[in-house]
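Here is a walk through some side chains and who they meet. Have a look at the model first, then read on.

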Amino acid sequence: MNKNIKMKIFYYLIAVLGASALNADTLDVEIHGVTKAGLLHLAIYDSKDVFESDKGDKPGPRPGIVSGTVKQIAKGIYRDSFEIPAGTYAIGFYIDANGNEKLDTNFLGIPKEEFGFSNNAMGAFSAPKFEAASFVLVRHKIIKIDL
C-alpha cells in the first residue's frame, strides 16, 4: 500500500473517530443509599416499549437499550458515566444480591432486592411508565437516584 493511501486511511479514521466523539454526550449516573453489595444490572433505554416490558429477567444488551452495565458494587454510592448520543432516555436497575441474574420477588411479585428508576419514578403496582422516568440528554446530565 503506498504512502498516500495509508495517509488517506489514517485521516479518514481520525475524522470518523473524532465525529463520533463529538456526537457522544455524557450521562453521569449516581445511585445513593445502596444498602447491600451485589451485582448491579443497569440499563439505559431509548424505547418506551422495551422499558415498560422489561421485568429484569433478561440481562444483557438488546434493541431498545442503548447502554448500561453489569458490575459488582458495594454499599454506599454508585457512580458511573456513559457516553451516548443526545436523546430521550429512561434508566432502570436492580442490584442482584444473591447472584442469580434476576430481580427476585416475593409471592405477591414485590421485589425483594433493591431497584430503582431515573427521576426516582415509581409505579403503583408495577414499574413506572416511560414518561415518568424519562429525561432528555443534551451534552451532559447528572441523574441521581435514591434508594
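Let's start with charges: Glu-30 and Arg-79 make a salt bridge, with their closest N and O atoms 3.6 Å apart. The term salt bridge here means a side-chain nitrogen of Lys or Arg within 4 Å of a carboxyl oxygen of Asp or Glu. This pair links distant parts of the chain, with Glu-30 in strand β1 (residues 24–34) and Arg-79 in strand β4 (residues 76–85), 49 residues apart. Helices (H or I, at least four residues) and strands (E, at least two) are DSSP runs, numbered from the N terminus.

Are the two partners buried or exposed? Glu-30 counts as buried at 13% relative accessibility, while Arg-79 counts as exposed at 53%. For these words, buried is under 20% relative accessible area, exposed is over 50%, and partly exposed is in between (1.4 Å probe, protein chains only).

A word on the ground rules: this is a predicted model, where local features need pLDDT of at least 70 and side-chain atom pairs count only at pLDDT 80 or more, while totals for chains, interfaces and linings use all residues. Residues are numbered from 1 along each chain as its sequence is written, and side-chain values use heavy atoms, with hydrogens and water left out.

The structure holds five salt bridges. Among them is the one between Glu-52 and Lys-48, at 3.2 Å from N to O. Both residues sit in helix α2, four residues apart, which is about one turn of the helix. Glu-52 is partly exposed, with a relative accessible area of 23%, and Lys-48 is partly exposed too, at 35%.

Lys-48 also meets Glu-131 in a salt bridge, at 3.9 Å from N to O. Here the pair links distant parts of the chain: Glu-131 is in helix α3 (residues 130–133) and Lys-48 in helix α2, 83 residues apart. Put together, Lys-48, Glu-52 and Glu-131 are linked in a network of salt bridges.

## A buried charge without a bridge

Now for Glu-113, found in the loop between β5 and β6. Glu-113 is buried yet has no salt bridge, and the nearest side chain of opposite charge, Lys-36, is 7.7 Å away. (Lys and Arg count as positive, Asp and Glu as negative; His and the chain ends are not counted.)

A search of the whole structure finds five aromatic pairs. One of them is Phe-51 with Phe-117: the ring centres are 5.9 Å apart and the planes stand at 75 degrees, so the pair is edge-to-face. Phe-51 belongs to helix α2 (residues 48–53) and Phe-117 to strand β6 (residues 115–117), 66 residues apart. Phe-51 is buried at 3% relative accessible area, and Phe-117 is buried at 12%.

Tyr-89 and Phe-135 form a tilted pair, 6.4 Å centre to centre with 45 degrees between the planes. Tyr-89 lies in strand β5 (residues 87–96) and Phe-135 in strand β7 (residues 135–137), so the pair ties together parts 46 residues apart in sequence. Both Tyr-89 and Phe-135 are buried. As for the terms, rings of Phe, Tyr and Trp (its six-membered ring) pair if their centres lie within 6.5 Å; planes under 30 degrees apart count as stacked, over 60 as edge-to-face and the rest as tilted.

Finally, Tyr-45, Phe-51, Phe-115, Phe-117 and Phe-130 form one aromatic cluster.
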